[in-house]
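Me: I have a two-chain model open and want to go through it piece by piece. Can you take some quick questions?
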Amino acid sequence: MQKIIRNEIIESKLYVVGVQEKLDNLIVQMINENQETLKNHWLKEVNLFKEKELAGYTTTLKLSEETDQQFFELLIKHINYHDISKDGTLDQFFDQVLHTGLPLKYLTQGLQVARRVILNLLVETESDKEKLAAVYREIDSWLDPILNRVIENSSQIWERTVSIQKTALLELSAPLIPVFKNISVMPLIGSIDTERAKLIMENLLNGVIKYRSEVVLIDITGVPVVDTMVAHHIIQAADAVRLLGSTCILVGIRPEIAQTIVSLGIDLSLFPTKSTLQKGMENALEITNQQLISNE
Amino acid sequence: MDIQSCVEVRNEWDIVSARQLGRNMAKELGFGNVDQARITTAISELARNIYLYAGRGKICIEPIDQLGRKGLRIVALDNGPGIREIRKVMEDGYTTSGGLGAGLPGVKRLMDEFSIESTVDVGTEISATKWLR
């Protein structure tokens, strides 16, 4: 069989027109005829890779034989089509694999192993250098688009996840809640970076106008570290609130935070501070001439 | 226990991871709440300086043991522009970035030992130690 293929390839060289097409068909034919051998080689190499590189994954996620089989069959099928986007099954498969949390390197490795085993087979049957180069180029032109597609899909999934989380985070990052008449609270939880600091300032000032707040309480109970940058942003925000004619009270200062603020030498005496939200609220009610009256 | 851990600082999120590493190591060594806050704040200042002035660098945190005296050392390294006037940056209120100017003198007060070495156009190395009492 090998001899026939060889003769045909030599023959094909003679025709200028349709050479590429013929080479295509020959390679496809050969891949089809040797599918079983290719498959065995492929499975062996992929399994080796799985044992070595994905040891952590195999226990938690199903890297089943079935997935491997499906992967290889789809590859062969699409090589037959000469077109990877045909019928979209390969895309679906990749999406499915990525969504189950399997690592991208499983797919890229699978494709690279496929390239290797196919080329090995062709190298065994062909010794002419020029033709080998043509075959290499040919195989590359089939597999590269698939590889690109996989990487593109996977990065799209990541980008989408990151942007969704970013929006979700921004929505949570600086809410201003009107509590009583003329009193609002801004609870801050988590680390504050420059982007968030900007948002805090904006929401604070917009909220003060919108809710006609006379007093705004900024609660930093959930802020793990108050360094000079965070302090600076809080001071600026409080100062801006003061310019609008309202008062800003900083609450939720834990003892260890108080000590670090003093060590850093940060001056927070421009506005009132309280240890807890409750004390701050009492103070705010006083400032706005309001009282909580119990019904008893 | 001479494991040294380093965190590359390239963006604002790296500051958070450097801080977390410092907090975990301080907790492990048995530092109390207040000292944990001091150490994390100091790391935060040093990491932010790297991010702001050098662009990139790293924060290394290592537990130290000198004749049975235990502590934690933070080393901030960068190959940035260096500091021209070290005496000035150690003064309270001196800033070139519109901040509070409390960073470096603050770190010195937060920690027990502090040293700074900087060469213009070569880089800066700041080392600060907190002893376990």
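This is a predicted model: local features need pLDDT of at least 70, side-chain atom pairs count only at pLDDT 80 or more; totals for chains, interfaces and linings use all residues.

Me: Where is the kink in α8(A), and about how many degrees is it?
Reply: The kink is at L143(A), shortly before the proline P145(A), and comes to about 25 degrees.

Me: What end-to-end distance does α8(A) have, and what should it span?
Reply: α8(A) covers residues 129-173, which is 45 residues, and at 1.5 Å a residue it should span 66 Å. The C-alpha atoms at its ends are 63 Å apart, which agrees.

Me: What else is in chain A, in terms of helices and strands?
Reply: Chain A has 12 helices and 4 strands. Of its 296 residues, 26% are buried. For contacts between residues at least 6 apart in sequence, 72% join residues at least 24 apart.

Me: In what order do the strands of the chain A sheet come?
Reply: The order is β1-β2-β3-β4, in an open sheet with mixed pairing. β1 (177-180) and β4 (247-251) of chain A are at the edges; each has a single partner strand, so one side of each has no neighbour in the sheet. Direction ignored, neighbouring strands are turned by 30 degrees against each other on average.

Me: Are β3(A) and β4(A) parallel or antiparallel?
Reply: Parallel: β3(A), residues 215-222, pairs with β4(A) over 5 bridges. Within that pair, V215(A) has T247(A) as its bridge partner.

Me: Changing topic: where does K105(A) sit?
Reply: K105(A) is in helix α7(A), residues 104-125. It has 13 C-beta neighbours inside 10 Å and therefore counts as partly exposed. Between K105(A) and F49(A) there are 10.0 Å from C-alpha to C-alpha, with the two 56 residues apart in sequence.

Me: On to chain B. How many helices and strands, and in what order do the elements run?
Reply: Chain B has 4 helices and 5 strands. From the N terminus the elements go β-α-α-β-β-α-α-β-β. Buried residues are 36% of its 133 residues, and 61% of the contacts with a separation of 6 or more are between residues 24 or more positions apart.

Me: Which strands are at the edges of its sheet?
Reply: The sheet is open, with 5 strands in the order β1-β2-β3-β5-β4 and antiparallel pairing. The edge strands are β1 (5-9) and β4 of chain B; each has a single partner strand, so one side of each is left without a neighbour in the sheet. The twist from one strand to the next averages 15 degrees.

Me: And what packs on that sheet?
Reply: α1(B) does, touching β1, β2 and β3 of chain B, with its direction at about 165 degrees to that of β1(B). α2(B) lies across β1, β2, β3 and β5 of chain B and runs at about 15 degrees to β3(B).

Me: Which residues stand opposite I74(B)?
Reply: On one strand I61(B) stands opposite I74(B), and in β5(B) the bridge partner of I74(B) is A128(B). I74(B) is in β3(B), which is joined to β2(B), residues 57-66, by 10 bridges and to β5(B) by 8.

Me: Which residues of β5(B) are on the covered face?
Reply: T124(B), I126(B), A128(B) and K130(B). The uncovered face has G123(B), E125(B), S127(B), T129(B) and W131(B). T129(B) has E113(B) standing opposite.

Me: What happens at D121(B) in the hairpin?
Reply: D121(B) takes a positive phi near 70 degrees, in a hairpin with 3 residues between β4(B) and β5(B). Those two strands pair in the antiparallel sense over 7 bridges.

Me: Last topic, the interface. How many residues of each chain are in contact?
Reply: 21 residues of chain B are in contact with 17 residues of chain A. On the chain B side, α1 (12-29), α2 (33-54) and α4 (103-110) each give two or more residues. α2(B) gives the most, with 9 residues. By class, that side has 7 nonpolar, 7 polar and 7 charged residues.

How values were computed
Residues are numbered from 1 along each chain as its sequence is written. Chains are lettered from A and ligands numbered from 1 in the order in which they are written. Two residues are in contact if their C-beta atoms, placed from the backbone, lie within 7 Å. Ala, Val, Leu, Ile, Met, Phe, Trp, Tyr, Cys and Pro count as nonpolar, Asp, Glu, Lys and Arg as charged, and the others, Gly among them, as polar. A residue is buried if 20 or more other C-beta atoms lie within 10 Å of its own, exposed if 12 or fewer, and partly exposed in between; C-beta atoms are placed from the backbone. Two strands pair if DSSP finds at least two bridges between them. The expected span of a helix is 1.5 Å times one less than its number of residues. The bend at a residue is the angle between axes fitted to the seven residues ending there and the seven starting there. Axes are lines fitted to C-alpha atoms, for helices over the stretch in contact, and angles run from 0 to 180 degrees between N-to-C directions.
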